Amino acid sequence: MSRIAGTIDPLEIAERVLERARRAGATACDAVAVEAESSSTAVRLGEVETVKLSRERRLGLRCFAGESSAVASTADFDDVAIEAFAHQVVEMARAVAPDPFAGLPDPALLAKDWPDLELYDPHGLELSPEERVARAKACEAAALSADARLVNSEGADFALGSARVAYASSAGFAGSYRSTSYSLSVAPVAHENGAMQRDYWYDASRSLARLADPETIGRTAAARTLRRLGARPVPTQQVPIVFDPQTAGSLLGHLAGAVCGGALYRRASFLLDKLGQEIASPLVTVINDGRLPRGLASRPFDAEGTATRRTLVVEGGVLRSYLLDGYAARKLGMPPTGSASRSVGDVPGASPTNFHLAPGTHTPEEIVASVPRGLFVTGLSGFGVNSVTGDYSRGASGLWIENGELTHPVEEVTIAGNLLQMYRDVEMVGNDLVFRSSIAAPTLRIRQMTVAGR
């Protein structure tokens, strides 16, 4: 896979289409242009299953005709095609009903300069196809060789990608940045006494050098799979719940969705009108950091050119900030937070960027040891979460805790509660925060939830 070095500069294309849109009569406009390349290599039982390579070049244009707006995208960068495209989007905008909250951000909010966030590491892009296959094979081999009960695999996948993103607007902003991503995952299958179990593990990074080695990922996946063997349900009861970092991240994701602007102005959030109120335990501090160095969701500016930043969302259990794009900010009468994101052919909307629960002081082992009887959750399934009320009910699997020790694996149970009460009932927060996605959390203990089993 070669480094992206095309003959067309995405920023030049974005600025060119803006000039065409203004000539066509747009009262305001912005454009995003992306050039990306990605590759993935999947192996199963030591054999190569798929090798994929994709290249993408897209241009998105949003045009305003007064308070009316329209957005569209194209992959045709020919000059004549761009001219026609700009005219079409302007005509579309004129046909749309006006919206007084639509518009570009205040120029004072636009990013003026930005630091190097270490998002681009091209060294791994030169890996040969054989080297990429070798990494995937080594990961799967490490998983399957860990124990004789590991008899099958859903495969291992090594992926890498690079992108150039450019954004420009008639408000006076023009900027671009590059990024890379690398990931490796494996999902082994174990068999014992006629029963089969599967689990997985993975890592993701902006830099190949910082990606966990294949053997470590494989051995971790093997251990996670083997500990599921012999799983059984437990009787229905109310007990403390410990979420591992993966499932705690899922729990934090529901909070992320509730603080984003779209859910708020649609009145579909259980955190509506709760700014300044205590919504969680004093142990809970949540941060959204769009400028975290090497962060998987970091960027120097958002999808409207607004400067990204570190936002304290929850401080000691108190809700301090929502995450708002320009439209949501105007709709709610609040300042934007540099949280706008967008696909190439869509309007901006707020989304979390390196949204995380600040780590505590306890090791995962200390948290488990503090529980006399309860459930250590390592897997969740189902979608039983009401974003308006916060009611929570999901299928769960994990390990039973008895007298502070992990005893036997558990499956076919449901855990239930209410998100606000769950956040308020956080009793311990782990020190094991690791970023493998845009939302991350350490191990945490919740005082009590209902476990519904047999």
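1. Arg 394 belongs to strand β16, which covers residues 391-402. The structure under discussion is a predicted model.

2. A polar atom of the Arg 394 side chain does lie 3.1 Å from the backbone oxygen of Gly 382. Beyond four places in sequence, the residues that Arg 394 touches include Ser 250, His 254, Gly 382, Val 413 and Ile 415.

3. Helix α5 runs over residues 245-259. Its 15 residues reach 21 Å from the first C-alpha to the last, close to the 21 Å expected at 1.5 Å a residue. Among the buried residues of α5 are Leu 251, Leu 252, Leu 255 and Val 259.

4. The count of aromatic pairs comes to 10. In one of them, the ring centres of Trp 114 and Phe 173 are 6.0 Å apart and the planes meet at 45°, so the pair is tilted. It links distant parts of the chain, 59 residues apart: Trp 114 sits in the loop between α2 and α3, and Phe 173 in strand β5. Trp 114 is partly exposed at 30% relative accessibility, whereas Phe 173 is buried at 4%.

5. The rings of Tyr 177 and Phe 301 have centres 5.4 Å apart and planes at 75°, so this pair is edge-to-face. Tyr 177 lies in strand β5 and Phe 301 in the loop between β9 and β10, 124 residues apart. Both Tyr 177 and Phe 301 are buried.

Terms used. Residues numbered from 1 in each chain as written. Predicted model: local features only at pLDDT ≥ 70, side-chain atom pairs only at ≥ 80, totals over all residues. Heavy atoms only, no water. Helix = DSSP H or I, 4+ residues; strand = E, 2+ residues; numbered from the N terminus. Polar contact = N/O pair within 3.5 Å; in protein donor to acceptor, adjacent residues only side chain to side chain. Contact = heavy atoms within 4.5 Å. Expected span 1.5 Å × (residues − 1). Buried < 20%, exposed > 50% of the residue type's maximum accessible area, 1.4 Å probe, protein only. Phe/Tyr/Trp six-rings, centres within 6.5 Å; stacked < 30°, edge-to-face > 60°.
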